[in-house]
Amino acid sequence: MKRFSTIFIAIFIAISSNGFAQTVQNKSISMDTVIEIVKAEDELRYDKTLETLMKDANPLVRKRAALAAGRIGNEAAIPMLEGLLVNDKSEDVRQMAAFAIGEIESIKGADAILKVLGSYKNDDSVRSSAIEAAGKIVAANEKDERSKSLREAILSNLEYEANRRSAPSTNVILMGITATLRAKPENAETTIAKFLGYSDWRIRADALNTLARLKAKNVYDQSKDLLIKDENPIVRANAVRILGTEENSEVWELILDKALNDKDLRVRINAIRALGSLKKIETADKLLERSDKLFAEYKKSKYKNPIEEN
């Protein structure tokens, strides 16, 4: 039943998007081809069918077949995917091949990913998927010797973006920060800290999240500054997580202020958690006072789900 429902959805999408037309000038995929790919995915079957489709003249077919190979997860697909990643003329196909190799998570895909990450001239979309793949492969093969090279490649690409004079790639940076968290290369904190001053709040927030989970000790001043001044609540919420590890009276007072007065719920919650980790008994009375006030407002509220409940 699952297989037939999946095929039906695929047919519906193909009909809705393209009518009943077959492939026309490489702008669409024929319905028959969509069905072939979806059936292989649904059955977790990697065989000659997908191999043939990954050689198709239509780049959309090659791209969709590569995605299917990644979802199936059979490492037998890696040689074909490597060929697409290194040699295909379509950047979209190369990007998808890199993604698919990461989905398979086999160390056999390391060489292909290293080829891409070894050249900064590669398209940013391809490098972003390759750096994501590197993180996934290392996480699944932590003790393999080749994982060391992947860890180094992740950091070197992030260093390149951090030092890039113009137009650094947001996608490479975001994927690289996440890959760092998965791969945990040595001395990663120094590299990740370079992104705390970026204008894109997503980069600042992700960098702080990774630094917090890596238990970084080198970003106290930057985290404090972001907690005080940053307009984005997710950035402030992640900054307070790092400061919660600092046993310092100045930090304690700042975190307490955020726990009581920050306008965003996420920041207040993380600040309360940080205070708990600092184990400052002086915070208890202040938090209980705040709790009593909220509870009184909760009881007076006319809403079914009062905002004070959180």
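1. Start at Asn187. At 60% relative accessibility, Asn187 counts as exposed (buried means under 20% relative accessible area, exposed over 50%, partly exposed in between, with a 1.4 Å probe and protein chains only). Asn187 sits in the loop between α10 and α11 (188–193). Helices here are DSSP runs of H or I with at least four residues, strands are runs of E with at least two, and both are numbered from the N terminus. Asn187 is not a glycine, yet its phi is positive, about 60°. Most residues other than glycine have a negative phi.

2. A word on the source. This is a predicted model, in which local features need pLDDT of at least 70 and side-chain atom pairs count only at pLDDT 80 or more, while totals for chains, interfaces and linings use all residues. Residues are numbered from 1 along each chain as its sequence is written, and side-chain values use heavy atoms, with hydrogens and water left out.

3. Now look at Ala167. Ala167 is not a glycine either, and its phi is positive at about 50°. This residue lies in the loop between α9 and α10 (170–183). Ala167 is exposed, because its relative accessible area is 59%.

4. Next, the overall picture. The protein has 17 helices and zero strands. It has 310 residues, and 45% of them count as buried. Take the contacts between residues at least 6 apart in sequence: 62% of these join residues at least 24 apart. Contact means heavy atoms within 4.5 Å.

5. How do α8 and α9 pack? Two packed helices are described by the angle between their axes and the distance between the axes. For helix α8 (residues 124–140) and helix α9 (residues 146–162), the axes come within 9 Å and cross at roughly 145°. Axes are lines fitted to C-alpha atoms, for helices over the stretch in contact, and angles run from 0 to 180 degrees between N-to-C directions. The crossing of α8 and α9 is left-handed, a term used if the near helix is turned anticlockwise from the far one by less than a right angle.

6. Which residues make that contact? From α8 come Arg127, Ile131, Ala134, Gly135, Ile137 and Val138, and they meet Ser147, Leu150, Arg151, Ile154, Asn157, Tyr160 and Glu161 in α9. By class, the contact of α8 with α9 has seven nonpolar, three polar and three charged residues. Ala, Val, Leu, Ile, Met, Phe, Trp, Tyr, Cys and Pro count as nonpolar, Asp, Glu, Lys and Arg as charged, and the others, Gly among them, as polar.

7. Arg146 is also in helix α9. It is partly exposed, because its relative accessibility is 37%. Leaving aside neighbours within four places in sequence, Arg146 is in contact with Ile107 and Ala110. The C-alpha atoms of Arg146 and Lys108 are 9.3 Å apart, though 38 residues separate them along the chain.

8. Check the aromatic rings. There are two aromatic pairs. Rings of Phe, Tyr and Trp (its six-membered ring) pair if their centres lie within 6.5 Å; planes under 30 degrees apart count as stacked, over 60 as edge-to-face and the rest as tilted. Tyr120 and Tyr160 are stacked, because their ring centres are 4.2 Å apart and their planes are at 5°. Tyr120 is in the loop between α7 (110–117) and α8, and Tyr160 is in helix α9, 40 residues apart. Phe195 and Tyr198 form a tilted pair, because their centres are 5.2 Å apart and their planes are at 55°. Both Phe195 and Tyr198 are buried.
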